[in-house]
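Here's a walk through one model, taken a piece at a time. Keep the structure open while you read.

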Amino acid sequence: MMRRPPNGAAALPYLLILPTLFFVVVFTLWPLIRVIYDSLFVENQAVQVPQFAGLENFLALFMSSAFRDVLYNTLIYVVITVPASTLFALSLALMLNREFKTRGLFRLAFFYPSMLPMVSAATIFLFMYTPGYGLINVFLSFFGVADQNWLGTPSLALPALMILGIWKQTGFYMIFFLAGLQGLPHDIFESARLDGASTLQSIRYITMPLLMGTTLFVTTIAVVNAFETVDQVYIMTSGGPVNSTSMLLFNMYETLFNYLDIGKASAMSVILIAMLLIFTTINFINTERNATYE
Amino acid sequence: MNKRRFSLKFRLSTLWLFALGVLALGWTVPILWTLAVSIHSPDEPLSVANLWWGSHPTFSNYSQAFDIAPFAQYYLNTVLITLGILVVQLITICLAGYAFARFKFRGQNILFFLIMLQMMVPSSALIVPNYATIHALGVFDTLFAVMLPSFGSAFGTFLMRQTFKQIPRELDDAAKMDGANWLQTLWNVYIPPARPALIAFALSSISFHWNDFLWPLIVTNSPASRPLTVGLAVLTQLGEIGAQWPLVTAGTLIVVGPLLVIFLIFQRQFIDSFLHSGLK
Amino acid sequence: MKKFQTVLFACLMIVMLFTACQPAPTPTAAPSAPAASAPSTATELTFYYPVAVAGPITQIIDGYIAKFEQANPDIKVKAVLSGGYGDTLTKIQTTIKGGGTPPDVAVLLSTDLYSLVDSNAIMPMDDAIKAAGGDTLTSDFYPAYLANSNYQGHIWSLPFQRSIPVLFYNKDMFKTAGLDPAKPPTTYQEMVDDAKKLTKADGSTWGLEISSDGIPYWLFQSFVIGSGSNVFSASNKVTFDSPVVAQSLQDFMDLSGKDKVMPTGILLWANMPNDFANGKAAMIWHSSGSLTNILKQAKFDVGVSYTVGEKGFGAPTGGGNMYILKGISPEHQAAAFKFVQFMTSPDIQADWSIHTGYVASRKSAYDTQAMKDNITKVPQAGVAPAGLQYAGPELATHNNAQIQKFLGDAVQAALTGKSAPADALKNAQQQADQVLSQFKE
């Protein structure tokens, strides 16, 4: 039976949600409208008083090869790191779900990077990628791989950032998968094993489908996280070399704070929001459809 | 037949374990190397032959880092910001979660959707107008400016709504019959069983805001309000000189060290709370 | 709740323990000047300063402020460590745009001039300078450093923490390679020839390393200025596609391409001093500000000379100036200029240079005893100021950050083989023209 508060307290639920609603309105909803509005104006160092320009900012962005590179880099980053880290996290969770003595230590080893601020992780990896004495190159030299200038080579810089992203986030996703695995009923696996199913088969036909909810949850977080990549670009490459690591949020930051181009920065924000909204809405609908409540 | 299957499985397991161990080591090496280099003397250049703590390790890098940036102040700021946000969030999410879980009121679906929009529109995409709002409110360069946008949490509201929904309604009715008002009911009936979820939320909020960088970067300007992440970034942006790795790694450890120590001590609770928070 | 409270409490205890064990943070506000003499109508100035070098900068600045306040009891200065140059500029500009109160004095890049004038953020210093001695004052500053302060017939800033790129060379390696350590290269061709002798076939040592990340245009300007030209001709006109600039870019590329005296790809600025100190590079181009750290780490005889182009020595200037912001009251303006004058005075400049490695912006700073003693101890410190005669203005235009990026991207594109140099420069020129066309000179 839902509470039906007496007439005088009909306002109660509204009051209860008021604080949350207030902050969401001021810092999410109003800015959302504002940013769409600002994106329709030209406002930069040359044009200090905003001038209405319709979709000119968007057109200019899409016609600029530098911005197309930005979109491309961002999409590549998302498309590679999300599946990679999700699959990796799932595999780790499967392996670390079994009972064995040192499993706590293993979980710790993979999980701790997600506790670090990204700027610290980026600083550490900036050091690790140094040509010559950087640990990554030293390690690779044991396999006979020549010294690489990771952050100074356009084709290697983005992969370098991707490796950092995967290192940092995999453990975090692994925990969610572990949680999901623990919620699975044991009897199904028992009967499957009695029927002669191999480990791989039971993973594929039982575990995966049952973990759909968790997987969708993890991939949503992973995608949003990937789109928001900025800290490591700021610390490690500033978008270079030759714009090979320039990503959407970082470029937006540069456009706003270095070039003081409010119109373009707002347009970029709108593009970022649109891309994320599309993805998360699809995911949210899917999750709601597959989820079951008590 | 059984024996053979057993030994095959055993060998595979050891192989997996070994691979896992190598991987785990690789995952841990970055922080270990950072630690080693942070006590490397600043008078020796780093090279392939001189990779770890050098011939005369020293703690002078740490004192130098403290000379350059007031890390103690940054610590205080970060703690205040993180706790401030958490306290307000805990209040707002419990109230709002309770309302959505147990009340029926006009427009509740629309309002819920509007709040959920916050989860779909990341705050990083809204820095342009939010930055202007902070200036308009006159709180630029204050701890408050860093905290404000996070006071309302859609994620937390959603979490609490789900959690509260799972509490049997009989308890609620029983409390009502005992004459409890909404606050007493909330406090006595709903919050205690929601503890794991609240802890999980608290941990994720703390770690998110402790590690936040872009927003504090743009709304703070002076050491009085600057948190650790921004302070560390300045250390890596010293443009006129090259990278002073012993110094930078010392600075990095100043920032992450305590965090890691706390995590190591309480790791069981940290991980367990995520596991048992019921986030499915 | 109990477990949570325990965890929380433990966290707080650990953090507080850690905090308590560290030296107390240096207050950035009022200093230890005798308070008794300060009248209640003291003018309080706010001063933003960014950091770009290591060292106890805050302590040093606070020391100067204490001295200043002692000599000027009616003025108080509140210093704010405002991050990096970029942060400082952005915060000031957006504060002004949002209708807030900017600081009174700030250290910003000398090249930020046009952006600041465009934002109506700063005020000219002509009147104040005239009252303080006019030409006698300005002639003591190195002309190369004052070059970025003039616009529309006014002087807008005074140099405070300046630098130039210099060539560091390993004198021991010179000797081993049969080169005279007292004769560093004086032209581009000489530099290439020397580098060839210094490069070891097994790749363990490179003759030369010049970085091209971060702000690639800066070191690139040395090539151009050393060829007798520059990359821009006015605050709204760049010359990226001129033949001299194209040749300079080709020269830069040849180092790792044709001549193989430098590793290929984009070298990182941050790694250069370490590469020099551990023997990986026999010569590097880096900021004069790196001298202190290099001397600390290098276990060999370090030589300092100038960067070169085809015709001879050439270098852009770098670093920051003191600006006075607009919109502050007349008493604040007067107090602000007094402060600026103090911070750019010969003694302070000499002390600042000795402790940070910046080049003092005034000639008479090098006549002070402190500076003379320092140069006796560290002769290399005297090289950079003597090189200012070869310096040209740093790339500075309207919407500076964007224009600098266009040139930087072109340099990087050519160095990585992504574009032919002529195409890259033409592209950069077109983009810059489009942006700059919206500005008057």
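## Domains, sheets and a chain contact

In chain C, the C-alpha centres of domain 1 and domain 2 lie 29 Å apart. Bear in mind that this is a predicted model. The domain assignment gives domain 1 of chain C residues 35-162 + 318-392, while domain 2 of chain C takes 165-317 + 399-436.

Now for the sheets of chain C. One is an open sheet of five strands, in the order β2-β1-β3-β13-β6, and its pairing is mixed. At its edges stand β2 (75-81) and β6 (157-163) of chain C; each has a single partner strand, so one side of each is left without a neighbour in the sheet. From one strand to the next, the twist averages 25°. Zoom in on β1 (residues 43-49) of chain C and you'll find that this strand pairs with β2(C) in the parallel sense, over seven bridges. To pick out one pair, Glu44(C) has Lys76(C) in β2(C) as its bridge partner. Helix α14 (residues 330-343) of chain C packs on this sheet, where the helix touches β1, β2, β3 (105-109), β6 and β13 of chain C. The direction of α14(C) makes about 50° with that of β1(C).

The other sheet to look at in chain C is an open one of three strands, ordered β10-β7-β11, with antiparallel pairing. Its edge strands, β10 (283-287) and β11 (302-306) of chain C, each pair on one side only. Here the twist averages 35° from one strand to the next. Strand β7 (residues 165-170) of chain C runs antiparallel to β11(C), and five bridges join the two.

| Strand pair | Sense | Bridges | One bridge pair |
|---|---|---|---|
| β1(C) and β2(C) | parallel | seven bridges | Glu44(C) and Lys76(C) |

Next, a helix pair. Helix α11 (residues 243-256) and helix α18 (residues 400-415), both of chain C, have axes that come within 10 Å and cross at roughly 45°. The two helices, α11(C) and α18(C), are therefore oblique to each other. The crossing of α11(C) past α18(C) is right-handed. From α11(C), the contact uses Leu249(C), Phe252(C) and Met253(C); from α18(C), it uses Val411(C), Ala414(C) and Leu415(C). By class, this contact of α11(C) with α18(C) has six nonpolar residues, with no polar and no charged ones.

Finally, the contact between chains B and C. It takes 41 residues from chain B and 47 residues from chain C. On the chain B side, at least two residues each come from α2 (60-68), α3 (71-102), α5 (127-137), α10 (195-210) and α13 (245-265) of chain B. Which helix gives the most to that side? That's α3(B), with six residues. The residues on the chain B side divide into 26 nonpolar, ten polar and five charged.

Terms used
Residues numbered from 1 in each chain as written. Chains lettered and ligands numbered in written order. Predicted model: local features only at pLDDT ≥ 70, side-chain atom pairs only at ≥ 80, totals over all residues. Axes fitted to C-alpha atoms, helices over the stretch in contact; angles between N-to-C directions. Helix = DSSP H or I, 4+ residues; strand = E, 2+ residues; numbered from the N terminus. Parallel < 35°, antiparallel > 145°, perpendicular 65-115°, else oblique. Left-handed = near helix turned anticlockwise from the far one by under 90°. Contact = placed C-beta atoms within 7 Å. Nonpolar A, V, L, I, M, F, W, Y, C, P; charged D, E, K, R; others polar. Pairing = 2+ DSSP bridges. Domains from an automatic or database assignment.
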